[in-house]
Amino acid sequence: MAAWDKLLSILGMTDRVAHVDSNSVDDYNMMKNAFQELCGDGSAPPSRNLKEINDTIDEFAVIIGQTIMYDGIDDPDNFFLCDGAAYSRETYTLLYNRITKSKGSCTISIASPAVVTLNAHGLQTGARIELSTTGALPTGITAYTNYYIGRIDDNTFYLYDTYVNAVAGGTTGRINTSGSQSGTHTLRYVPHGTPNSTEFYVPNRQGVVSKGVGSQMINGRVKTGPGFGGVEEDRFQKFKMDVGVAPLYTRTVSLAAGATSVYVYDGTGTKKYIDIFLDDGTNGTPRTGTTTRENSLGTKFYIRYQ
């Protein structure tokens with residue numbers, strides 16, 4: 001058995017690498033070639049090479065575009081902090097091509113609203129994209145500007161100026177086009193955004209909790225995550241309660257998100273306040289702020305770039 005196959009067996013990865021996907025094959029081959037170069041003909045490597053082999057395994061344990069949690073003080077080699085910073089598309093091509101993707105050429109109608117046609121685009125409402133062209137885009141659309149799609153069907157969608165407007169799905173922020181156009185237009189899916197034609201953003205994981213994209217049913221209710229690369233602001237589940245403000249007189253009131261107290265009017269028109277945040281004698285004074293949160297520990301997220 002060759003040294004590479006022995007390593008896969010030890011790591012329990014023999015079956016896993018047999019199904020390596022196209023996005024990971026470059027990393028896989030680079031690691032395999034580096035390891036075989038160190039091991040030569042497959043015999044046991046000399047002890048002086050063990051550190052090099054260990055460094056090689058460590059280097060390729062995380063693929064380009066993968067994010068890790070890291071509690072070290074200094075930044076790890078070959079990783080960028082996930083802080084939403086911009087980096088060169090040309091210099092960091094491998095990462096750029098992992099976290100963004102060209103979806104090919106598309107057509108754009110001259111209309112209000114404009115309709116983009118891209119067969120089997122595979123994008124959902126709220127997906128962030130940019131457009132480039134070999135000629136001229138219609139008036140109303142700027143090359144390398146981030147837009148958000150409002151899905152019509154598998155082949156067509158609208159463009160919006162913000163994620164919020166795209167998700168809302170109305171006319172606010174929906175892009176209209178006019179004038180003329182020329183050349184071939186290309187659409188690129190950029191989930192984390194791009195600031196211009198030469199740079200791209202890495203994900204910004206500061207101060208947020210990651211949530212899986214898509215949706216599922218829990219206790220008969222649909223739970224939906226944000227679109228890939230999208231963000232959601234915190235919110236509080238709405239509820240109602242019955243409050244008796246006078247004998248034989250009851251009003252149902254709704255607690256709005258972020259409210260610290262509610263009130264109802266009694267039969268004489270007088271406000272009756274109800275203090276929501278009270279010390280229950282066991283859990284201490286209620287902690288309030290701008291977000292609803294659970295216990296947490298701060299850490300840093302990094303993304304592999306080479």
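Leaving aside its neighbours within four places in sequence, which residues is L131 in contact with?

1. L131 is in contact (heavy atoms within 4.5 Å) with C106, I108, L137, I141, A143, Y144, T145, L159, T186 and L187, its neighbours within four places in sequence being left aside.

2. This is a predicted model, in which local features need pLDDT of at least 70 and side-chain atom pairs count only at pLDDT 80 or more, while totals for chains, interfaces and linings use all residues. Residues are numbered from 1 along each chain as its sequence is written, and side-chain values use heavy atoms, with hydrogens and water left out.

3. A nonpolar core is a set of buried Ala, Val, Leu, Ile, Met, Phe, Trp, Tyr and Cys residues joined through side-chain atoms within 4.5 Å; buried means under 20% relative accessible area, with a 1.4 Å probe and protein chains only. The largest such core has 18 residues, and I129, L131, I141, L159 and L187 have the most contacts inside it. Strands (DSSP runs of E, at least two residues, numbered from the N terminus) that give two or more residues to this core are β4 (101-108), β6 (128-133), β7 (147-151), β8 (156-160) and β9 (185-189).

4. A second, separate core of 11 residues includes F80, C82, V202 and Y305. C82 is buried, with a relative accessible area of 2%.

5. An open sheet of three strands runs in the order β1-β17-β2 with antiparallel pairing, where two strands pair if DSSP finds at least two bridges between them. Its edge strands, β1 (67-70) and β2 (79-81), each pair on one side only. Between β1 and β17 (residues 300-304) there are four bridges, and K300 in β17 is the bridge partner of Y70.

Methods: Buried < 20%, exposed > 50% of the residue type's maximum accessible area, 1.4 Å probe, protein only.
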